[in-house]
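Look over the sequence and the model before reading on. The questions below go through a few places in it, one by one.

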Amino acid sequence: MKPRWPMIALCISVLVASAPSAAFPTKDEYVVIADNNQKSTVPVDTTEKPRAPIKLTEMRVRSEVALRYARTSVLTHVHNPDARPQEVTFRMLLPDTAFISGFTMILSGKSYKAYVKEKEEAKQIYTQAVSQGLGAAHVATKARDSNHFTVSTNVEGNTTAVFDLRYEEFLVRRNGLYNHAINLHPGSFVPKMEVVVHIKESQKITALRVPEVRTGNEVDATEKDAQNSKAVIQKSTNEKEATVTFTPDLTEQRRLAQIYAEKTKQKSSSEKYIGYSSTEEENDEDATVLGQFVVQYDVERTNNGEILVNDGYFVHFMAPTSLPPLSKYVVFVLDTSGSMMGRKVEQLRSAMEAILSDLNPNDYFSIVEFNSDVKVHELKEADEEPAPAYSHYSYFNTRNTPVTLVPPSPATAENIAKAKVIVSRLNASGGTNIYSALEVAFNLVRKGTRNENETDVSSTVATTTDGVSTTAATTKKTEKIEKELEPIVIFLTDGDPTVGETSTARILSFITEKNSGDKRASLYSLAFGEDADRAFLRKLSLRNEGFMRHIYEAADAALQLHDFYRQVSSPLLSHVQFLYPEKQIKEGSLSRNKFRTINAGSEVAIVGQVADDATEITPQVNAFCGNDDGIGRKRYEVSQKVIVPKTKDEHLPLERLWAYLTIKQLLDKRDAADDSKDDSAEKKALAIALKYEFVTPLTSLVVVKPEETNAVDVESVDNLPSYSTPFTPHLAIMGPPPASRPNNAYLTSNYASIGASSFASLPGSPGLPSPYYSGGGGGAGFAGPPGPYSPYYGFETTRTTTPIILTTYATTTAQLESYHLEFFEWTSSLLNPFKDTLAFNDNGTEVILKLSKDDDPPKADGGDTECSNSTSAVGASDSAASVCVYLTRCHAARSITADDYQKSYCVVDNKYAGVCCARADVDKTP
């Protein structure tokens with residue numbers, strides 16, 4: 001019987017995308033697996049026998065929510081009852097706004113802790129790592145606005161593995177509620193399952209709802225939705241704290257799984273794997289997906305906002321509630337190109353009917369339709385026979401029809417009825433002329449909102465007790481504020497520009513320049529389906545005071561569109577500025593403090609660091625709000641004073657909240673900037689992410705085997721091209737970091753022959769089965785026993801001397817200097833700074849040679865000896881004239897390669913890295 005060594009196989013996949021204000025959303029990841037050179041302590045019988053199935057015995061989720069900042073821990077226990085090792089896969093669907101902040105595995109009593117490092121450092125060795133036996137597998141996201149985390153590992157026989165994943169997120173207020181969602185996709189029914197959400201706020205909790213467990217592919221729950229009868233809610237006497245506990249037994253889990261399965265069958269097949277097109281057959285049946293556990297709440301607030309200070313950090317919340325909405329001018333820019341044909345355009349019609357009904361009486365609107373050409377609709381068209389549809393002309397040519405800038409229409413009942421007739425006639429055909437459509441939209445904004453008299457923002461202000469200001473008459477120009485409309489452009493498209501200007505870079509530049517000045521409008525982009533260029537649309541909106549939202553192509557797309565519009569349809573404040581005295585705030589620490597609008601049902605949060613000698617914070621908020629009659633606007637000003645406390649409250653996570661929001665906003669700034677601009681925002685975001693150990697688009701997660709040098713780090717690929725385009729993802733391999741994590745890595749892998757069927761498909765190579773990831777439902781859960789392709793991750797010993805793979809990582813100059821090797825740059829590929837050694841493979845034998853940091857290089861006690869074992873020497877053609885000396889003593893060794901060294905190395909004083917060096921080159925002065 002041939003011996004086998006099952007190895008710890010570890011893969012981590014972390015996907016970070018953006019919420020409306022975060023990074024680019026819904027990008028697919030690649031999982032990379034590597035072994036950790038750990039031999040099984042249990043003999044393995046190669047005779048095929050049925051395996052006792054893996055059992056998930058416990059799953060506990062705990063969320064601590066303080067000041068809208070949620071810190072969640074998912075703790076799971078999985079038991080292997082078989083005597084043989086088996087693969088276990090832990091999966092978790094995370095909210096797309098979350099940052100992973102910690103991960104730990106306990107295997108056979110040993111703890112594997114995760115660390116965070118810079119992602120870019122890993123890219124150079126990915127291809128090499130894959131060629132040395134590391135497989136890659138594709139991960140698909142199966143819930144909207146969620147990211148997928150996956151870890152696979154072998155669990156020894158008759159042992160229990162424990163996984164602890166921690167992530168953090170700032171809860172965004174939408175439609176008047178904070179939504180905290182936890183995905184429950186365990187992969188099997190769990191005897192012990194518990195979810196606990198503890199909320200602690202500084203103000204009273206005014207609303208708290210726990211809707212029935214949802215699929216994760218629905219719009220936010222409302223008060224009309226059924227509530228979760230199994231959730232237990234406990235509130236504190238001061239009404240500022242609440243605990244929600246959900247402990248579904250096996251009967252309840254089966255009920256939820258059945259409901260989820262029934263709802264999932266109703267989904268569009270195009271939504272099965274959101275953001276991923278595959279030629280492989282994927283099994284979408286998962287009887288153990290329970291759904292998404294959601295807690296919704298809100299707190300008591302005033303129009304003046306709230307400021308909290310703790311341990312050198314502050315947060316300033318603002319969510320006005322009792323102000324009248326500003327009257328607005330909405331320009332709807334709607335794509336009716338050929339790709340919108342069928343269900344998409346039908347859903348657009350349905351959504352627009354509901355959206356038009358939501359316009360306020362003092363609002364104005366325009367409807368811009370575009371395909372190959374652009375048209376501004378006139379309401380009188382509703383009384384005319386519909387024009388014939390032009391489905392015969394090219395998708396890439398325009399008819400150059402002149403565009404008439406029709407004045408905006410007031411949102412009267414009659415006009416809304418006519419507009420509904422017009423949208424009901426929308427038909428899809430032609431190409432996608434994005435630039436011309438947006439150019440027309442912003443021309444309408446500038447023309448439609450131009451007033452003869454402008455508001456004088458520098459006029460004197462009389463402040464009332466409720467914080468709302470009225471403008472004093474200082475000049476004739478400001479005696480009467482003319483009617484002003486808040487301009488909003490809502491832009492929907494499902495594809496790339498194909499007609500007219502097709503360069504997205506030029507469109508970005510031209511449109512941003514067009515939308516400038518006092519009449520600058522907020523641009524909200526809706527990416528309908530999977531073919532829209534979301535990176536382009538995100539950048540376009542970030543540059544123009546808005547954000548991008550992905551509308552999933554599904555049965556409820558009309559509901560998604562309407563839900564989005566509700567979030568931006570009622571601006572309460574415009575031109576909002578939060579001003580803080582310079583002496584009270586540390587320079588460079590303040591987050592975004594200017595906002596084009598604050599909408600009803602939303603909230604903004606400003607964070608910063610308090611100056612060391614500051615005793616108080618006295619901010620001032622300046623903005624415009626609507627008049628009570630709904631016409632025009634007036635000045636809004638709030639001044640506050642908050643004392644800086646001397647004591648520290650451990651329950652206020654203001655420092656981590658500051659780090660989280662700062663990273664998010666810096667990534668927004670990076671994404672909005674031109675590619676040619678400086679990278680200061682990215683560098684600052686990276687530094688903060690590394691300090692606070694957040695897994696972001698700039699950082700990777702590293703899992704380190706304790707007390708050894710083996711580690712595997714899997715990173716995501718940030719800028720994925722289309723799936724039809726070949727590309728190379730990347731892997732980082734890293735060793736156990738000390739207190740200050742160095743920038744080098746080391747991996748030793750013992751393996752032998754590897755079958756092709758053992759690995760998952762690499763990008764562009766579909767068809768190979770994946771032992772590391774099954775097409776199950778994602779979420780937090782486990783895969784069962786591995787399939788026939790990979791009972792031992794594809795590794796099988798077939799000879800007595802196993803080759804040793806040593807993978808090194810990019811070394812810094814400072815590290816080389818510490819060993820006096822700054823002139824021996826080739827050593828970086830062999831260096832293991834954690835062991836102070838050079839390591840390589842010499843014909844199947846692992847060679848480890850010690851390095852010295854002493855100023856005086858090591859020497860043999862009996863003096864330099866002649867070389868006898870090396871196959872070649874450095875600095876001379878005749879090895880007999882060479883002696884074995886410590887590496888730095890040989891001047892000629894500076895110019896060799898790592899391969900040369902492996903042919904000429906020797907050992908000094910039984911341990912140090914030596915080289916066979918020509919006597920003339922020993923201790924030679926440069």
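What follows is a set of questions and answers on this predicted model.

Q: How many helices and strands does the protein have?
A: The protein has 926 residues, of which 57% count as buried. Among contacts between residues at least 6 apart in sequence, 78% join residues at least 24 apart. The secondary structure comes to 12 helices and 48 strands.

Q: Are H6 and H7 roughly parallel or roughly antiparallel?
A: Helix H6 spans residues 504-514, and its axis lies 10 Å from that of H7. The two pack at an angle of about 15°. Angles under 35 degrees count as roughly parallel. H6 and H7 are therefore roughly parallel.

Q: Is the crossing of H6 and H7 left-handed or right-handed, and how many nonpolar residues does the contact have?
A: The crossing of H6 and H7 is right-handed. From H6 come Thr-504, Ile-507, Leu-508 and Ile-511, which meet Phe-536, Lys-539 and Leu-540 of H7. By class, this contact has 1 polar residue, 1 charged residue and, for the number asked, 5 nonpolar residues.

Q: Are H7 and H9 roughly parallel or roughly perpendicular?
A: H7 covers residues 534-542 and H9 covers residues 654-672. Their axes come within 8 Å and cross at roughly 105°. Angles of 65 to 115 degrees count as roughly perpendicular. H7 and H9 are therefore roughly perpendicular.

Q: How many charged residues are in the contact of H7 with H9?
A: Arg-538, Lys-539 and Leu-542 of H7 meet Leu-667, Asp-668, Asp-671 and Ala-672 of H9. The residues of this contact divide into 3 nonpolar, no polar and 4 charged.

Q: Which side chain makes a polar contact with the side chain of Arg-889?
A: Arg-889 lies in the loop between strand S46 (882-886) and helix H12 (898-904). At 6% relative accessibility, Arg-889 counts as buried. Leaving aside neighbours within four places in sequence, Arg-889 is in contact with residues including Pro-857, Lys-859, Asp-921 and Val-922. The polar contact, at 2.9 Å, is with the side chain of Asp-864.

Q: Is Leu-67 buried or exposed, and what is its phi?
A: Most residues other than glycine have a negative phi. Leu-67 sits in the loop between strand S3 (55-66) and strand S4 (69-80). Leu-67 is buried, with a relative accessible area of 2%. Although Leu-67 is not a glycine, its phi is positive, at about 55°.

Q: Is His-575 buried or partly exposed?
A: His-575 is in strand S29 (residues 571-579). Its phi is near 50°, a positive value in a residue other than glycine. The relative accessibility of His-575 is 36%, so His-575 counts as partly exposed.

Q: What separates the C-alpha atoms of Ala-221 and Pro-211?
A: Ala-221 is in the loop between strand S14 (205-209) and strand S15 (231-235). At 8% relative accessibility, Ala-221 counts as buried. Leaving aside neighbours within four places in sequence, Ala-221 is in contact with Arg-209, Pro-211, Arg-214 and Gln-296. Ala-221 and Pro-211 are 10 residues apart along the chain, and their C-alpha atoms are separated by 6.8 Å.

Q: What separates the C-alpha atoms of Val-74 and Ile-182?
A: Val-74 is in strand S4. Its relative accessible area is 0%, so Val-74 is buried. Val-74 and Ile-182 are 108 residues apart along the chain, and the separation of their C-alpha atoms is 9.7 Å.

Terms used:
Residues are numbered from 1 along each chain as its sequence is written. This is a predicted model: local features need pLDDT of at least 70, side-chain atom pairs count only at pLDDT 80 or more; totals for chains, interfaces and linings use all residues. Side-chain values use heavy atoms; hydrogens and water are left out. Axes are lines fitted to C-alpha atoms, for helices over the stretch in contact, and angles run from 0 to 180 degrees between N-to-C directions. Helices (H or I, at least four residues) and strands (E, at least two) are DSSP runs, numbered from the N terminus. Angles under 35 degrees count as roughly parallel, over 145 as roughly antiparallel, 65 to 115 as roughly perpendicular and the rest as oblique. Contact means heavy atoms within 4.5 Å. Ala, Val, Leu, Ile, Met, Phe, Trp, Tyr, Cys and Pro count as nonpolar, Asp, Glu, Lys and Arg as charged, and the others, Gly among them, as polar. Buried means under 20% relative accessible area, exposed over 50%, partly exposed in between (1.4 Å probe, protein chains only). A polar contact is a pair of N or O atoms within 3.5 Å; within protein, one must be able to donate a hydrogen and the other to accept it, and residues adjacent in sequence count only if both atoms are side-chain atoms. A crossing is left-handed if the near helix is turned anticlockwise from the far one by less than a right angle, and right-handed if clockwise.
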